[in-house]
Amino acid sequence: MDPVIGIDLGTTNSVLAAVIDGVPTVIPNRSGYRLTPSIVAIAKNGKRLVGSLAKRQAVTNADNTVTAAKRLIGRKFSQGAVQQLLTILPYRVVAAANDEPRIQLGEHGFSVPEISAMVLTELKLDAEAYLQTPVTKAVVTVPAHFTDAQRQATRDAGRIAGLEVIRIINEPTSAALAYGHGKPQLDRKIAVFDLGGGTFDFSVLRVQKGVFEVIATGGDTALGGEDFDRRVVEWLVGPFSKEHGIDLRSDKMALQRLRDAAEKSKCELSAVKTTEINLPFISAKPTTGPLHLRSIIGRDTLEQLTEDLVNRTLDVCRRVLSEARVSPSELEDVLLVGGQARMPRVQEAVKLLFAREPSRQVHPEEAVALGAAIQGAALLDEKQEMLLLDVTPHSLGIEIAGGYFQKIIARNTTVPTSAHHLFTTVKDKQQNAKITVLQGESELAPQNELLGEFMLTGIRQAPRGETEIDVIFDISADGIVSVSALDVATGLRQSITVTARAGLSEEDVKKATQANDDWLTTQKTDVEFEERKYKALALFKQFDELWPKLTTGPLAESLGEAMTRLQTTLANARVQIEARETQALGGSVETLERMLTVFRGALDRIGAGSR
Amino acid sequence: MRYAMLHKSDASPDSEAGDTDLPVDVQIELLALQQPGRAISHYEVLGLDATADPIAIRSAYLARSKRFHPDAWYGKKLAQFGPLLADTFRRVSEAHAVLSEAESRATYDASRTSGVSAKERTAVTARAEVRAEEDRRADERRRRVFHTKGFARLGAARKLFEDAQALEERGERGLALQALKAARDLDPTRKEIAARLGELELLAVKSRAQQMLARARAEEQQGDASAALVSYQAAMRHDPASVTALLGAARAAVHEHDFANAAAWAAKAVEYAPKAAEGRLLLARAQIGLSQKALAKATLAQLLAQHPDQKEARALLKSL
């Protein structure tokens, strides 16, 4: 069976897992860590850095370091949420054609899926190094409330990274899989509270006979650990600017240091009551010289600063529970997932709302990736008895006359599903009709998210009202929407022309995939070159040591021609190292290795003979 | 969103019939559920008849989901059965959604007219009767709670009384009051409850009066006599026997030259606390304000009889 990996592609951190010999296992990255920061940077020397390497240099290279790309993925540049983000992101985002946000790193502009693909490529390489086999299939998780466009973009990112994303699953559902894995007798209703770095999800599930059935789900697109960090940053910046008249947020390097310090102190406050934030030389004034920022923050302060954020999560929980028609007392377990769910205040609030101690059976940061790996293995394994029944997080519908939104598939409908909409011509001999597909809950079409527009073309000519076209909407198990149309009277497929579409075009994805492949090849060549150079240098040293024995004594005369060849090869190897000729250097290294064995053998025989 | 770029000839080579990895029994079941020209009921989709109980519906749903969900056959060659699987799963899911809730199931049952066997019809009628009976019983239970004069009612009252005591101990006076009121409504004869309710109501009123007094004092100190007057009056409404409130109101009223009211309140204060100097002094000032000099003189004389060293009173008397 081909290996399939599970990837939790998070806003701040990503986790990689696979089912190995039937056991879901987190795969550490090549540096040995189980969490890989979802950070990408282009270093000053032009090299691509991903993960902790990128995070480490973020302070000194804030302009060219991308954090939290997940908050941008699958969104339009002009969207309110994106515009709001732009004010706080240290890197430069510009609008490309098609209203696509593009991230500017050095001289190059990257689409958001390309940036996510860099993280995925890194994880793919980690998986290959660990499993010692090529990996091409993956299950990637997304927040449950992600729209169709965001799911598509995530899938595109996978393709660019050279991964076939065999399934996109929702993060809370994935955590539930990790919880219920290997317990076929489990029969209960559970809730998953998933507060990650950038997103919040809440799902109610029923687990019975190996079927994981989502009853209802909901979330907040812009609520996560980073918002908590920002509150701390603001709390630090306010008094400083009052005292010194300097807004530290305008200095990118200072801002990055503040962010790091805020995140660190927030994490520490989960364990201790107070902690110190100490940022020496954070800024400077010509009059007073260097300025330092030093502050003590208490857990109660953090809780006050973030009270409204916690309350927002609770509001979502109440809404989803009422939609699921489940009362808190019916739930037999509440899983806490996501790094931010470690905060004691969050745990307390959850405990109060559900009147029960949250479950500690799953690892808050690893459960999602493990669940993805489990789902991947279950899909490929024929004997697998497990089944996941997820729901669509948003209602799907079309725009109707007057700018209203008509729902065709209601939210929380189990996927895969499909629905029809009968379209009737309104004019005599009407040939074309435009259909606008949207996702959302508002009654007004423009307030919902546009999935796409398409034209029904070449409609059979007839008096108005006589031609009926059945438009069919399908939502796949990944939550991805597709549309087709059928002429009711003739039963013929109706052709569709796409006039507006979210995300990257097929061509863009292909181009990006090629670019990523090229990078991988260079990267691989680089690694090989370094290896060979290292070997060559070691050989040079060994020949240096043998040199006196080879050039003097009884052997010197007999070697003759071989010595000439050796000298040429050594000289060639040095040239090849200079010119970075990986292939040629490989040949030279092989020759040198062979010669070393031969000469050593000869010397041994002479040594033995002379004794 | 993906768009199916479909053309009028969409029969691709791999949609040839027969070229599939799907087991034959699954193929047969899928085809059996596709009968053009005949509506297939939700019960049939789940392989049940209308007599099925909720547990049977649930387990049929789970079993059929595992069988017909496209994920169960992931990576298999499905050919023309691919769309069929997805459609069948959707119908299974829909059937479960309708039949798993008593209300939507009843509506659905009522809407079915054709293709229903006599046995099924009996089951549906029986189920409707059971539901009606359950509703009737629940209704009766509710009515009984409100209308019995029996022990249950007294017990409930006692329970509420105990709850109220617990709430009071925790400082939740408002909730305690509500519980006691409910208890009194259930059992008006029990003196304990009525007495405690009275005490608590008094306490609540007193504490509100105290709050208003504190506010009035603060306003007075800030020199805002008209606001203080309003607050003192409010305090008086909550606790009409409060001398402090009466005196405060009189003081503020004198300040605001509202002598008629000031006189009335001061007189009341004197009535409740005849020994306090301030009451008579305020009364005298109000009387002077009302040009009732003779009365004022008498008041001041009484005051000086009690407190011979009251300089202010002496000065006032002299000015008269």
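Mentor: Two strands pair if DSSP finds at least two bridges between them; strands (E, at least two residues) and helices (H or I, at least four) are DSSP runs numbered from the N terminus. The model is predicted, local features need pLDDT of at least 70, side-chain atom pairs count only at pLDDT 80 or more, and totals for chains, interfaces and linings use all residues. Residues are numbered from 1 along each chain as its sequence is written, and chains are lettered from A and ligands numbered from 1 in the order in which they are written.

Trainee: How do you know that β5 and β7 of chain A pair?

Mentor: Two bridges join β5(A) (residues 40-42) to β7(A) in the antiparallel sense, and the definition asks for at least two, so they pair. A:Val40 has A:Val66 in β7(A) as its bridge partner.

Trainee: What makes β6 and β7 of chain A edge strands?

Mentor: The open antiparallel sheet runs β6-β5-β7 in chain A. β6 (48-50) and β7 (65-66) each have a single partner strand, so one side of each is left without a neighbour in the sheet. Helix α3 (residues 112-131) of chain A packs on this sheet, touching β5, β6 and β7.

Trainee: Why is the set around A:Phe193 and A:Leu335 called a nonpolar core?

Mentor: The term covers buried Ala, Val, Leu, Ile, Met, Phe, Trp, Tyr and Cys residues joined through C-beta atoms within 7 Å; buried means 20 or more other C-beta atoms within 10 Å of the residue's own, with C-beta atoms placed from the backbone. The largest such core has 147 residues, and A:Phe193 and A:Leu335 have the most contacts inside it. Helix α11 (residues 367-380) of chain A gives the largest share, 10 residues.

Methods
Contact = placed C-beta atoms within 7 Å. Axes fitted to C-alpha atoms, helices over the stretch in contact; angles between N-to-C directions. Buried ≥ 20, exposed ≤ 12 C-beta atoms within 10 Å, placed from the backbone.
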